[in-house]
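The following account leads the reader through selected parts of one structure. Please keep the sequence and the coordinates at hand.

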Amino acid sequence: ASARAMETSRFAFTPIAAQTDGTVHVPEGYGWKVLMRWGDPLFSEADGYDITDGGPVENSDKVFGENTDGMETFSFQGRQLIAVNHEYPNEDINLPASQDGKPVSADDVLKLQNIQGVTVMEIAEGPDGWNVVKDSPFNRRIHHNTPMKIVGPAAGHDLLRTEADPTGTSSLGTFNNCGSGKTPWGTYLTCEENFNGYFGSTDEAASHDEKVAAGFARYGIKAKSWNGYEGFDPRFDTSKNPNEPHRAGWIVEIDPTDPQSTPVKHTGLGRFKHENAEVVLARDGRVVVYMGDDERGEYLYKFVSNGTYQPGAETEGLLNDGTLYVARFNDDLTGQWLPLTPETTGMEAAEILIFTRMAASKAGGTTMDRPEWVAASPVAAEAYCCLTNNKNRGVKPNAGGDDTSANGPNPRDTNRYGQIVRWRPADEDHAADDFDWDLYVMAGNPTVHADAYAGSDNMNEGNLFNSPDGMAIDSTGLVWIQTDGDDENQGDFAGNGNNQMLVGDPVTGEIVRFMTGPNGCEVTGLAWSSDLRTMFVGIQHPGSNWPDGGTPRSAIIAIKRDDNALIG
Ligand code: FEO
Ligand code: CA
Ligand code: CA
Ligand code: CA
């Protein structure tokens, strides 16, 4: 950048170059430290837990889980709490004795079930930086067998009932917890994304009624699960429990301040491959939740509550009593939120929530290039969504047969790089039906391509990245972007280096590189300490032997300025 550009830049650091090595880099004047790694104890009884040879099943529910993802911080009674997701297991690390990385015993399955889900933990900052408070009364693991309540308009529906739960109102576990959200009343939202992969059938010939079969097809529930749960735990066997998959794919609310509380699945927010849940308030205090469905050619949604949020007042129903909408983006840079109702979809109300994808198809939403995180600005009435990439754009329809020809916010066939769409609601009110939109950035590589794959004007040799995924907007309005893309650093992706975190100016569109992760990793999850002097960032599936030279371990790192100044 020119001297003048540097002078006027809102960024407080000198951007860093792309990196291809096995560690984390931050700008000069900043430092980082590991806060918590997969396998680190949350409780003294798990001291010495050793993942070197995969780790034992004993105490696997008392250590920090694997593959950290979305996270949020909470301040409670002067303590700093973090709730954080554990998305999925790396079988080769966790089950090294197994031939193909698949479980060979019920204990193997139990171990995988234990290391996924959510961790709630208390952390504290001392002379050596941030550490977990071992044995804190707030420390908690929530995993694939934790009891959950199912509430909202679809609770109790026939499609949610099983032999173990004939009421359709309680289930076990939360699955493939990807992105996150935080409510104005201080609870954590964890989002069930690729839940389909946990279910399979021990009887491939088992037939299902028409609705169930159509749902399995649209949501990708297949004869074989990823980890073979169905062979050891009949709950995951769709030939015996065809409704069990309907009890996953929801957004789950957790009270991080009450370790005895039962997590709640909110059916009002719809069922799909939930990325994250960005909660904002409409001008009149109604609760608005923006949500992406991360699948090629699926949709972007929002929920608007009927009731309003009043600090200190009852919040029950605010995530269930309301209307779910799907986004339609018009080519003229306008758009509408289309309500999903029996009138617009021809479906019954509860089925709209259970099979939300089908409802969105019927209502006429715009097929998107894999909507990942949505982030809303705290200083302007606008929101952003990372559309990470879509090799099927213009190539084939989505699983519902919906056309995926290039469209306004998804303009490139076989989209390898991804883009970030931004919208501004009418009347600066997130509850409004109408909005205007633009593309904040179209990722691309101007050093390789001269056409649309060069990307938008705010891509340059100094900020090359692909596949934007995680995103959060800080208290000053800057847009932090995390990537989960191709890090081979060649061909289309030459100069991209490892996955990384960048920051963008919402007004000028300038985007610069702030952090790079170790090779093989995805950077995902971002939250700030209550004093805004520390930024917590997640490193998922590092490919090298990061962070300590042995078995690679996903981990949360804490980033601070050397002068301890504000960092967001
Ligand atoms: Fe788990 Fe779409 O990322
Ligand atoms: Ca993601
Ligand atoms: Ca991704
Ligand atoms: Ca991931």
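Which residue follows helix 7, and is its phi positive or negative? In this predicted model, the residue is Gly364, and its phi is positive, near 90 degrees.

Helix 7 itself spans residues 356-363, and seven of its eight residues are buried, so it is largely enclosed by the rest of the structure. A residue is termed buried here if 20 or more other C-beta atoms lie within 10 Å of its own, with C-beta atoms placed from the backbone. In helix 7 this applies to Thr356, Arg357, Met358, Ala359, Ala360, Ser361 and Ala363. The surroundings of these buried residues comprise both helices and strands: they pack against helix 4 (210-219), helix 5 (342-345) and helix 6 (349-354), as well as against strand 16 and strand 17 (334-339).

Strand 27 is mostly covered, as seven of its seven residues are buried. In a regular strand the side chains alternate between the two faces of the sheet. In strand 27, Thr534, Phe536, Gly538 and Gln540 point one way, whereas Met535, Val537 and Ile539 point the other way, and all are buried.

Strand 26 (residues 522-528) pairs with strand 27 in the antiparallel sense over five bridges, and the bridge partner of Glu522 in strand 27 is Gln540. The hairpin of strand 26 and strand 27 has five residues between the strands, and in this hairpin Leu532 takes a positive phi near 60 degrees. Strand 28 (residues 555-561) also runs antiparallel to strand 27, to which six bridges join it. Here Val537 stands opposite Ile557 in strand 28. Val537 is also one of the buried residues of strand 27, pointing the same way as Met535 and Ile539.

Key. Residues are numbered from 1 along each chain as its sequence is written. Chains are lettered from A and ligands numbered from 1 in the order in which they are written. This is a predicted model: local features need pLDDT of at least 70, side-chain atom pairs count only at pLDDT 80 or more; totals for chains, interfaces and linings use all residues. A residue is buried if 20 or more other C-beta atoms lie within 10 Å of its own, exposed if 12 or fewer, and partly exposed in between; C-beta atoms are placed from the backbone. Helices (H or I, at least four residues) and strands (E, at least two) are DSSP runs, numbered from the N terminus. Two residues are in contact if their C-beta atoms, placed from the backbone, lie within 7 Å. Two strands pair if DSSP finds at least two bridges between them.
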